[in-house]
Amino acid sequence: MVIDPRTIITVDVEEWFHGHNYLDLVPADKWDGLESRVRQGMELCLDLLDRHQVQATFFVLGWTAERHPEVVRDILAAGHEVACHSYSHPVVFEMSEDDFREDCLRARDALGKAGAAGVVGYRAPSFSITPVVHHYLKILQECGFTFDCSIFPVRHPRYGQPNSPREPFLLGKEANSLVVVPMPTWRVLGQNIPYSGGGYLRILPWQAFKILRVLAARQGIPCIVYLHPWELDSFKPRVGQSKATSLRSQGGQSSMPLKLDRILKQGDFETLGQYVGRLRKAGTLPIRAV
Ligand SMILES: [Zn+2]
């Protein structure tokens with residue numbers, strides 16, 4: 001990529017029980033009976049960004065926007081960008097095209113009612129736009145989105161497109177085609193190494209994160225950090241988990257506030273929408289068919 005890579009902070013705004021590690025433990029029809037913690041996590045997150053005067057992109061769940069419209073209003077009032085994280089956190093590869101379209105439109109509608117009309121960015125729950133549903137990206141375009149950040153070019157038991165390009169691309173020839181921004185990786189020995197968010201960021205030692213970030217930037221890849229409000233919250237769910245699940249969903253959680261503070265202390269930042277704007281302006285995005 002010809003433009004210089006900056007750091008982009010992204011936050012998936014959802015409750016602790018929306019993560020897929022909890023899916024079998026707390027089915028959707030029980031969500032309304034569980035303790036909501038999104039406001040507490042978001043307060044910590046917005047305070048942290050405010051302290052460093054950094055603008056971020058928040059992918060908000062429609063389900064959450066309906067129940068906590070004040071969270072959407074707080075994000076907007078602080079000057080951040082609101083984008084969409086689906087309505088009810090389904091994995092895309094388990095949905096029909098029609099169900100996916102319906103979920104996208106329902107989510108956009110919920111965000112609009114909460115005060116964020118016409119959102120243009122999308123991130124699928126659990127990066128679940130996998131090769132079998134790659135063609136669903138065209139549905140995002142139909143629904144009014146102009147950029148996507150759902151593809152993770154790694155091998156993972158639940159998600160990933162290991163053979164996807166690592167750099168952003170346009171989903172068609174038209175100037176207003178969807179811009180697809182894959183999640184960042186460092187490529188070495190034919191493998192793509194993730195490092196920039198969620199469990200990877202929580203569990204990686206700080207020095208390892210710093211090195212991977214520099215190495216990926218040398219390959220032209222911006223550092224797109226991703227986190228969830230529950231990763232900043234000291235609340236411990238009292239829902240039984242196996243040790244492996246507990247490590248994936250909470251391992252290294254206590255290190256997150258300090259790591260984020262260090263990340264926010266240095267470098268140039270921009271929102272995902274601003275990055276996409278720079279990419280379109282540069283006019284050098286490769287075009288890939290759906
Ligand atoms: Zn999510």
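**Strands, helices and the buried core**

Guide: In this predicted model, strands β1 and β2 run parallel and are joined by 4 bridges. Between them the chain passes through helix α1 (residues 38–52), in a β-α-β crossover that is right-handed.

Visitor: Which other strand pairs with β1, and in which sense, parallel or antiparallel?

Guide: Strand β10 (residues 223–227) pairs with β1 in the parallel sense, over 5 bridges. Here Ile9 stands opposite Val225 in β10.

Visitor: Why is β1 called largely enclosed by the rest of the structure?

Guide: A residue counts as buried when 20 or more other C-beta atoms lie within 10 Å of its own. In strand β1 (residues 7–13), 7 of the 7 residues are buried, and the strand is therefore described as largely enclosed.

Visitor: How do you know that both faces of β1 are covered?

Guide: In a regular strand, side chains alternate between the two faces of the sheet. On one side of β1, Thr7, Ile9, Val11 and Val13 are buried; on the other, Ile8, Thr10 and Asp12 are buried as well.

Visitor: Why is Phe58 said to be buried?

Guide: The cut-off is 20 C-beta neighbours. Phe58 has 31 inside 10 Å, and therefore it counts as buried. Phe58 lies in strand β2 (residues 57–60).

Visitor: Which residues does Phe58 touch, apart from those up to four places away in sequence?

Guide: Phe58 touches Val11, Val13, Ile75, His80, Glu81, Val82 and Ala83. Phe58 also belongs to the largest nonpolar core, which has 76 residues. Val13, Phe58, Val60, Val72, Val82, Leu111 and Phe147 are the members that touch the most other members. Nonpolar side chains tend to be buried together in soluble globular proteins.

Visitor: What does Leu111 contact, leaving aside its neighbours within four places in sequence?

Guide: Leu111 is in contact with Val60, Gly62, Ala65, Val72, Val82, Cys84, Ala116 and Val119.

Visitor: How do you know that the buried residues of helix α3 are on the same side?

Guide: The buried residues of α3 (residues 69–77) are Val71, Val72 and Ile75. They cover an arc of only 100 degrees around the axis, and therefore they lie on the same side of α3. An α-helix has 3.6 residues a turn, so residues three or four places apart point the same way. The buried residues of α3 pack against β1, α1, β2, α2 (62–67), β3 and α4. Just after α3, Gly79 takes a positive phi of about 85 degrees.

Visitor: Is Arg108 buried or exposed, and what is the reason?

Guide: Arg108 has 22 C-beta neighbours inside 10 Å; the cut-off is 20, and therefore Arg108 counts as buried. Arg108 is in helix α4. Leaving aside neighbours within four places in sequence, Arg108 is in contact with Cys84, Val119, Cys143 and Gly144.

Visitor: Why is the whole chain called as compact as a globular protein of its length?

Guide: The secondary structure of the chain comes to 10 helices and 10 strands. The radius of gyration is 18 Å, close to the 19 Å that the globule rule gives for 290 residues, and therefore the chain is as compact as a globular protein of that length. Of the 290 residues, 46% count as buried. Among contacts with a separation of 6 or more, 80% are between residues 24 or more positions apart.

Terms used. Residues numbered from 1 in each chain as written. Predicted model: local features only at pLDDT ≥ 70, side-chain atom pairs only at ≥ 80, totals over all residues. Helix = DSSP H or I, 4+ residues; strand = E, 2+ residues; numbered from the N terminus. Buried ≥ 20, exposed ≤ 12 C-beta atoms within 10 Å, placed from the backbone. Contact = placed C-beta atoms within 7 Å. Core = buried A, V, L, I, M, F, W, Y, C linked by C-beta atoms within 7 Å. Pairing = 2+ DSSP bridges. Right-handed = clockwise from strand over helix to strand, strands pointing away. Arc of directions from axis to C-beta. Rg over C-alpha atoms; globule rule 2.2 N^0.38 Å.
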